[in-house]
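Please look at the sequence and the structure first.

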Amino acid sequence: MGLKEDLKTLKEEAKRSLEKAETLETLNEIRVSFLGKKGKLKNILKSLGKLSPEERKEIGQLANSIKDEIEKILREKTELIKKQLLENQLKEKKIDITLPPAWIESGSSHPVISTLIEISEIFISMGFSVAEGPEIEEEKYNFDMLNIPPDHPARDMQDTFFLNNGKILRTHTSPVQIRTMLKNKPPIAIIAPGRVYRKDADPTHSPMFHQIEGLLVDRNVTFRDLKGILKIFLESIFGKNVKIRFRPSYFPFTEPSAEVDIGCTVCGGSGCRVCKDTGWLEILGCGMVDIQVFKDVGIDPEEYTGFAFGLGIERIAMLKYRITDIRLLFTGDMRFNRQFKGIR
Ligand code: PHE
(Lines give C-alpha, C1' and ligand atoms only; values in the text may rest on other atoms or scores of the structure.)
Protein backbone atom coordinates (compact mmCIF):
# COMPACT_ATOMS: atom_id res chain seq x y z
CA MET A 1 0.00 0.00 0.00
CA GLY A 2 2.41 2.66 -1.29
CA LEU A 3 0.18 5.69 -0.89
CA LYS A 4 -0.50 5.14 2.79
CA GLU A 5 3.19 4.81 3.42
CA ASP A 6 3.91 7.91 1.40
CA LEU A 7 1.37 9.87 3.41
CA LYS A 8 2.79 8.71 6.69
CA THR A 9 6.31 9.61 5.61
CA LEU A 10 5.07 13.00 4.51
CA LYS A 11 3.47 13.55 7.92
CA GLU A 12 6.66 12.67 9.77
CA GLU A 13 8.72 14.81 7.45
CA ALA A 14 6.40 17.77 7.96
CA LYS A 15 6.45 17.32 11.73
CA ARG A 16 10.23 17.25 11.77
CA SER A 17 10.53 20.41 9.70
CA LEU A 18 7.97 22.18 11.86
CA GLU A 19 9.83 21.13 14.95
CA LYS A 20 13.00 22.81 13.69
CA ALA A 21 11.33 25.94 12.29
CA GLU A 22 12.22 29.11 14.17
CA THR A 23 10.76 31.94 12.12
CA LEU A 24 7.39 32.81 10.67
CA GLU A 25 8.98 32.82 7.22
CA THR A 26 10.13 29.21 7.57
CA LEU A 27 6.68 28.20 8.78
CA ASN A 28 5.18 29.72 5.68
CA GLU A 29 7.68 27.93 3.45
CA ILE A 30 6.78 24.64 5.11
CA ARG A 31 3.07 25.31 4.61
CA VAL A 32 3.59 25.98 0.93
CA SER A 33 5.84 23.00 0.30
CA PHE A 34 3.56 20.46 2.08
CA LEU A 35 0.04 21.84 1.74
CA GLY A 36 0.31 24.29 -1.16
CA LYS A 37 -1.26 23.91 -4.61
CA LYS A 38 1.92 22.37 -5.95
CA GLY A 39 2.88 20.88 -2.61
CA LYS A 40 3.87 17.38 -1.58
CA LEU A 41 0.40 16.36 -0.37
CA LYS A 42 -1.25 17.32 -3.66
CA ASN A 43 1.49 15.44 -5.44
CA ILE A 44 0.85 12.19 -3.57
CA LEU A 45 -2.89 12.47 -4.12
CA LYS A 46 -2.43 12.73 -7.90
CA SER A 47 -2.61 8.96 -8.23
CA LEU A 48 -5.85 8.80 -6.18
CA GLY A 49 -7.82 8.36 -9.40
CA LYS A 50 -6.28 4.98 -10.06
CA LEU A 51 -7.64 3.49 -6.82
CA SER A 52 -10.90 1.69 -6.16
CA PRO A 53 -13.68 3.76 -4.58
CA GLU A 54 -13.18 2.19 -1.13
CA GLU A 55 -9.45 2.75 -1.18
CA ARG A 56 -9.98 6.26 -2.45
CA LYS A 57 -12.26 6.99 0.49
CA GLU A 58 -9.82 5.56 2.98
CA ILE A 59 -6.81 7.38 1.56
CA GLY A 60 -8.83 10.59 1.23
CA GLN A 61 -9.77 10.50 4.88
CA LEU A 62 -6.21 9.77 5.91
CA ALA A 63 -4.94 12.66 3.76
CA ASN A 64 -7.48 15.02 5.31
CA SER A 65 -6.58 14.07 8.84
CA ILE A 66 -2.89 14.51 8.07
CA LYS A 67 -3.65 17.89 6.58
CA ASP A 68 -5.62 18.86 9.70
CA GLU A 69 -2.83 17.70 11.92
CA ILE A 70 -0.16 19.64 10.05
CA GLU A 71 -2.35 22.73 10.07
CA LYS A 72 -2.89 22.43 13.78
CA ILE A 73 0.84 22.23 14.43
CA LEU A 74 1.35 25.18 12.09
CA ARG A 75 -1.12 27.27 14.08
CA GLU A 76 0.41 26.34 17.42
CA LYS A 77 3.90 26.95 16.17
CA THR A 78 2.89 30.34 14.72
CA GLU A 79 1.44 31.40 18.06
CA LEU A 80 4.54 30.23 19.86
CA ILE A 81 6.92 32.11 17.56
CA LYS A 82 4.83 35.28 17.78
CA LYS A 83 4.86 35.06 21.53
CA GLN A 84 8.61 34.62 21.56
CA LEU A 85 9.05 37.58 19.22
CA LEU A 86 7.01 39.78 21.54
CA GLU A 87 8.91 38.59 24.56
CA ASN A 88 12.22 39.34 22.87
CA GLN A 89 11.01 42.79 21.92
CA LEU A 90 9.87 43.48 25.47
CA LYS A 91 13.19 42.29 26.79
CA GLU A 92 15.18 44.48 24.38
CA LYS A 93 13.10 47.61 24.85
CA LYS A 94 12.84 47.67 28.56
CA ILE A 95 10.79 50.64 29.74
CA ASP A 96 11.42 51.83 33.24
CA ILE A 97 8.13 53.40 34.20
CA THR A 98 9.63 54.79 37.38
CA LEU A 99 11.97 57.13 35.48
CA PRO A 100 10.96 60.82 35.53
CA PRO A 101 9.73 62.02 32.09
CA ALA A 102 11.93 64.05 29.75
CA TRP A 103 11.38 67.79 30.29
CA ILE A 104 9.12 69.22 27.63
CA GLU A 105 8.82 72.97 27.38
CA SER A 106 5.16 73.89 27.58
CA GLY A 107 3.73 76.36 25.09
CA SER A 108 1.79 79.50 25.88
CA SER A 109 -0.46 81.97 24.13
CA HIS A 110 1.10 84.60 21.93
CA PRO A 111 0.52 88.09 23.41
CA VAL A 112 -1.49 89.11 20.32
CA ILE A 113 -3.79 86.11 20.60
CA SER A 114 -4.24 86.42 24.35
CA THR A 115 -5.08 90.12 23.92
CA LEU A 116 -7.52 89.22 21.12
CA ILE A 117 -9.21 86.68 23.39
CA GLU A 118 -9.29 89.06 26.34
CA ILE A 119 -10.92 91.83 24.26
CA SER A 120 -13.38 89.40 22.67
CA GLU A 121 -14.46 88.07 26.06
CA ILE A 122 -15.25 91.57 27.31
CA PHE A 123 -17.61 92.18 24.39
CA ILE A 124 -19.06 88.66 24.53
CA SER A 125 -19.91 89.29 28.18
CA MET A 126 -21.92 92.34 27.03
CA GLY A 127 -23.94 90.24 24.57
CA PHE A 128 -21.95 90.60 21.34
CA SER A 129 -21.39 87.51 19.24
CA VAL A 130 -18.38 86.78 17.07
CA ALA A 131 -18.60 87.14 13.26
CA GLU A 132 -15.97 86.35 10.65
CA GLY A 133 -15.14 87.31 7.10
CA PRO A 134 -12.51 86.36 4.52
CA GLU A 135 -9.03 87.87 4.51
CA ILE A 136 -9.06 87.75 0.69
CA GLU A 137 -11.83 90.27 0.15
CA GLU A 138 -13.70 91.98 -2.63
CA GLU A 139 -13.21 95.72 -3.13
CA LYS A 140 -16.99 95.99 -3.05
CA TYR A 141 -17.08 94.99 0.64
CA ASN A 142 -13.74 96.47 1.69
CA PHE A 143 -14.39 99.87 0.06
CA ASP A 144 -17.47 100.58 -2.11
CA MET A 145 -20.22 99.53 0.28
CA LEU A 146 -18.38 101.24 3.14
CA ASN A 147 -18.91 104.47 1.25
CA ILE A 148 -15.23 104.69 0.32
CA PRO A 149 -15.22 106.14 -3.23
CA PRO A 150 -12.80 104.89 -5.94
CA ASP A 151 -10.58 107.98 -5.66
CA HIS A 152 -10.26 107.78 -1.87
CA PRO A 153 -6.61 107.76 -0.73
CA ALA A 154 -7.21 104.63 1.40
CA ARG A 155 -7.61 102.66 -1.85
CA ASP A 156 -4.17 103.73 -3.01
CA MET A 157 -1.73 101.12 -4.30
CA GLN A 158 0.54 102.28 -1.52
CA ASP A 159 -1.78 100.96 1.19
CA THR A 160 -3.62 98.06 -0.36
CA PHE A 161 -2.34 94.67 -1.46
CA PHE A 162 -4.02 93.91 -4.78
CA LEU A 163 -4.18 90.27 -5.89
CA ASN A 164 -4.12 89.22 -9.52
CA ASN A 165 -7.55 87.57 -9.27
CA GLY A 166 -9.12 91.02 -8.92
CA LYS A 167 -9.49 90.70 -5.17
CA ILE A 168 -7.51 92.38 -2.39
CA LEU A 169 -6.23 91.54 1.08
CA ARG A 170 -8.69 93.28 3.39
CA THR A 171 -7.21 96.48 4.79
CA HIS A 172 -9.52 96.48 7.83
CA THR A 173 -12.19 94.30 9.46
CA SER A 174 -14.96 96.74 8.46
CA PRO A 175 -16.07 94.59 5.45
CA VAL A 176 -17.42 92.14 8.04
CA GLN A 177 -19.92 94.90 9.00
CA ILE A 178 -21.27 94.84 5.44
CA ARG A 179 -21.32 91.05 5.16
CA THR A 180 -23.16 90.82 8.49
CA MET A 181 -25.77 93.47 7.62
CA LEU A 182 -26.43 91.84 4.23
CA LYS A 183 -27.02 88.50 5.94
CA ASN A 184 -28.84 89.42 9.17
CA LYS A 185 -31.67 91.73 10.11
CA PRO A 186 -31.36 94.02 13.16
CA PRO A 187 -30.97 93.76 16.08
CA ILE A 188 -27.29 93.07 15.35
CA ALA A 189 -24.48 93.00 17.93
CA ILE A 190 -21.26 91.50 16.64
CA ILE A 191 -17.52 91.77 17.00
CA ALA A 192 -15.22 90.59 14.21
CA PRO A 193 -11.62 89.86 15.17
CA GLY A 194 -9.09 88.97 12.49
CA ARG A 195 -6.03 89.65 10.40
CA VAL A 196 -5.80 92.69 8.13
CA TYR A 197 -3.12 93.81 5.66
CA ARG A 198 -1.55 97.09 4.65
CA LYS A 199 1.66 98.01 2.83
CA ASP A 200 3.32 99.49 5.84
CA ALA A 201 6.40 98.50 7.83
CA ASP A 202 8.18 100.36 10.62
CA PRO A 203 8.52 100.01 14.42
CA THR A 204 4.80 100.66 14.91
CA HIS A 205 3.37 99.26 11.66
CA SER A 206 3.38 95.71 10.36
CA PRO A 207 2.08 94.67 6.90
CA MET A 208 -0.12 92.13 8.68
CA PHE A 209 -1.83 93.00 11.92
CA HIS A 210 -5.03 92.26 13.81
CA GLN A 211 -8.16 94.31 14.33
CA ILE A 212 -11.42 93.87 16.17
CA GLU A 213 -14.48 95.37 14.59
CA GLY A 214 -17.63 96.07 16.54
CA LEU A 215 -21.11 96.70 15.16
CA LEU A 216 -24.39 97.28 16.96
CA VAL A 217 -27.61 98.05 15.07
CA ASP A 218 -31.03 98.38 16.64
CA ARG A 219 -33.81 100.89 17.21
CA ASN A 220 -32.81 103.97 19.21
CA VAL A 221 -29.06 103.30 19.35
CA THR A 222 -27.25 106.54 20.18
CA PHE A 223 -23.73 107.89 20.52
CA ARG A 224 -24.22 107.57 24.29
CA ASP A 225 -24.49 103.80 23.91
CA LEU A 226 -21.25 103.80 21.95
CA LYS A 227 -19.50 105.86 24.63
CA GLY A 228 -20.83 103.66 27.41
CA ILE A 229 -19.80 100.40 25.78
CA LEU A 230 -16.30 101.68 24.93
CA LYS A 231 -15.85 103.05 28.46
CA ILE A 232 -16.68 99.65 29.96
CA PHE A 233 -14.29 98.02 27.49
CA LEU A 234 -11.35 100.39 28.07
CA GLU A 235 -11.74 100.23 31.85
CA SER A 236 -11.72 96.43 31.74
CA ILE A 237 -8.50 96.43 29.72
CA PHE A 238 -6.55 99.33 31.23
CA GLY A 239 -8.12 99.61 34.68
CA LYS A 240 -10.80 101.80 36.26
CA ASN A 241 -8.54 104.85 36.40
CA VAL A 242 -7.92 105.06 32.68
CA LYS A 243 -8.50 108.54 31.21
CA ILE A 244 -10.63 108.51 28.06
CA ARG A 245 -11.35 111.22 25.49
CA PHE A 246 -13.38 111.25 22.30
CA ARG A 247 -11.91 113.37 19.51
CA PRO A 248 -13.95 114.28 16.39
CA SER A 249 -12.63 112.48 13.32
CA TYR A 250 -13.69 111.25 9.90
CA PHE A 251 -14.43 107.82 8.44
CA PRO A 252 -16.46 107.49 5.22
CA PHE A 253 -18.69 104.79 6.76
CA THR A 254 -19.58 106.52 10.05
CA GLU A 255 -21.19 109.89 10.74
CA PRO A 256 -20.42 111.43 13.13
CA SER A 257 -17.03 109.78 13.62
CA ALA A 258 -14.56 109.91 16.47
CA GLU A 259 -11.21 108.64 17.53
CA VAL A 260 -10.73 107.57 21.12
CA ASP A 261 -7.60 108.37 23.08
CA ILE A 262 -6.57 107.10 26.48
CA GLY A 263 -4.22 108.82 28.87
CA CYS A 264 -0.68 107.60 28.18
CA THR A 265 -0.16 104.37 30.11
CA VAL A 266 3.61 104.88 30.09
CA CYS A 267 4.02 108.40 31.54
CA GLY A 268 0.55 108.84 33.02
CA GLY A 269 -0.04 112.00 30.99
CA SER A 270 3.06 114.06 31.71
CA GLY A 271 4.50 113.42 28.25
CA CYS A 272 7.00 110.85 26.96
CA ARG A 273 8.35 109.28 23.77
CA VAL A 274 5.50 106.78 23.44
CA CYS A 275 2.78 109.47 23.48
CA LYS A 276 5.02 111.92 21.61
CA ASP A 277 4.72 114.33 24.54
CA THR A 278 0.96 114.70 24.11
CA GLY A 279 0.00 112.65 27.17
CA TRP A 280 -2.56 110.79 25.02
CA LEU A 281 -2.56 107.58 23.00
CA GLU A 282 -4.91 107.02 20.09
CA ILE A 283 -6.59 103.68 20.63
CA LEU A 284 -9.55 103.20 18.27
CA GLY A 285 -11.82 104.62 15.58
CA CYS A 286 -15.59 104.67 15.87
CA GLY A 287 -18.83 106.39 14.93
CA MET A 288 -22.51 106.07 14.09
CA VAL A 289 -23.18 103.90 11.02
CA ASP A 290 -23.50 106.22 8.01
CA ILE A 291 -26.98 106.46 6.44
CA GLN A 292 -25.50 105.64 3.03
CA VAL A 293 -24.11 102.35 4.37
CA PHE A 294 -27.54 101.40 5.75
CA LYS A 295 -29.17 102.19 2.41
CA ASP A 296 -26.67 100.05 0.50
CA VAL A 297 -27.26 96.98 2.68
CA GLY A 298 -31.04 97.46 2.73
CA ILE A 299 -31.55 98.56 6.32
CA ASP A 300 -34.06 101.41 6.80
CA PRO A 301 -32.15 104.36 8.37
CA GLU A 302 -35.48 105.86 9.53
CA GLU A 303 -36.12 102.82 11.68
CA TYR A 304 -32.63 101.82 12.76
CA THR A 305 -29.45 103.44 13.97
CA GLY A 306 -26.17 101.85 14.93
CA PHE A 307 -22.59 102.33 15.94
CA ALA A 308 -19.35 100.74 14.81
CA PHE A 309 -15.82 100.74 16.09
CA GLY A 310 -12.50 99.28 15.06
CA LEU A 311 -9.30 98.84 16.99
CA GLY A 312 -5.82 97.45 16.46
CA ILE A 313 -4.98 94.52 18.69
CA GLU A 314 -1.18 94.85 18.44
CA ARG A 315 -1.41 98.43 19.64
CA ILE A 316 -3.29 97.35 22.75
CA ALA A 317 -0.99 94.38 23.34
CA MET A 318 2.04 96.69 23.01
CA LEU A 319 0.65 99.13 25.57
CA LYS A 320 -0.41 96.35 27.91
CA TYR A 321 2.95 94.57 27.83
CA ARG A 322 5.12 97.65 27.14
CA ILE A 323 6.47 96.36 23.83
CA THR A 324 8.19 99.12 21.86
CA ASP A 325 8.63 97.48 18.44
CA ILE A 326 5.68 95.77 16.72
CA ARG A 327 8.06 93.61 14.68
CA LEU A 328 9.03 91.70 17.84
CA LEU A 329 5.55 90.23 17.80
CA PHE A 330 6.09 88.49 14.48
CA THR A 331 9.73 87.39 14.32
CA GLY A 332 9.11 84.23 16.35
CA ASP A 333 12.19 84.88 18.49
CA MET A 334 11.84 82.52 21.44
CA ARG A 335 13.76 84.88 23.75
CA PHE A 336 10.89 87.31 23.23
CA ASN A 337 8.05 84.80 23.18
CA ARG A 338 9.19 83.05 26.36
CA GLN A 339 8.63 86.23 28.36
CA PHE A 340 4.88 85.78 27.98
CA LYS A 341 4.67 82.45 29.76
CA GLY A 342 1.96 82.52 32.30
CA ILE A 343 -0.24 85.02 30.53
CA ARG A 344 -3.44 83.28 29.56
N1 PHE B 1 -11.92 100.55 9.81
C2 PHE B 1 -11.33 101.71 10.47
C3 PHE B 1 -9.81 101.60 10.34
O4 PHE B 1 -9.29 100.55 10.05
C5 PHE B 1 -11.71 101.78 11.92
C6 PHE B 1 -13.17 102.01 12.14
C7 PHE B 1 -14.04 100.94 12.27
C8 PHE B 1 -13.67 103.30 12.25
C9 PHE B 1 -15.39 101.16 12.51
C10 PHE B 1 -14.99 103.52 12.49
C11 PHE B 1 -15.85 102.46 12.61
O12 PHE B 1 -9.10 102.57 10.53
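Strand E9 contributes the most to the shell around the ligand, with 3 residues. Helices (H or I, at least four residues) and strands (E, at least two) are DSSP runs, numbered from the N terminus. This is a predicted model, in which local features need pLDDT of at least 70 and side-chain atom pairs count only at pLDDT 80 or more, while totals for chains, interfaces and linings use all residues. Residues are numbered from 1 along each chain as its sequence is written, and side-chain values use heavy atoms, with hydrogens and water left out.

**The ligand site**

The ligand is surrounded by 14 residues, where near means that a heavy atom of the residue lies within 4 Å. The closest are His 172, Ser 174, Arg 198, Gln 211 and Glu 213. By class, the shell holds 5 nonpolar, 7 polar and 2 charged residues. In this scheme Ala, Val, Leu, Ile, Met, Phe, Trp, Tyr, Cys and Pro are nonpolar, Asp, Glu, Lys and Arg are charged, and the others, Gly among them, are polar.

| Residue | Ligand atom | Distance |
|---|---|---|
| His 172 | nitrogen | 2.9 Å |
| Arg 198 | oxygen | 2.9 Å |
| Gln 211 | oxygen | 3.0 Å |

Taken alone, the ligand exposes 320 Å², and the protein buries 89% of that; accessible areas come from the Shrake-Rupley method with a 1.4 Å probe. Strands E5, E8 and E9 are the elements that each give two or more residues to the shell.

**The sheet**

An open sheet of 7 strands runs in the order E1-E4-E5-E9-E8-E7-E6, with mixed pairing. Two strands pair if DSSP finds at least two bridges between them. At the edges are E1 (129-130) and E6 (244-251), each of which pairs on one side only.

E1 and E4 (residues 188-197) run parallel and are joined by 2 bridges; Ser 129 has Ile 190 in E4 as its bridge partner. E6 and E7 pair in the antiparallel sense over 7 bridges and form a hairpin with 2 residues between them. Ile 244 stands opposite Ile 262 in E7.

**Helices on the sheet**

Helix H5 (residues 111-125) lies across E1, E4, E5 (208-218) and E9 (305-312), at about 5° to E5. Helix H8 (residues 223-238) packs on the sheet and touches E6, E7 (254-263), E8 (280-289) and E9, its direction making about 150° with that of E8. Contact means heavy atoms within 4.5 Å. Axes are lines fitted to C-alpha atoms, for helices over the stretch in contact, and angles run from 0 to 180 degrees between N-to-C directions.

Note on methods:
A polar contact is a pair of N or O atoms within 3.5 Å; within protein, one must be able to donate a hydrogen and the other to accept it, and residues adjacent in sequence count only if both atoms are side-chain atoms.
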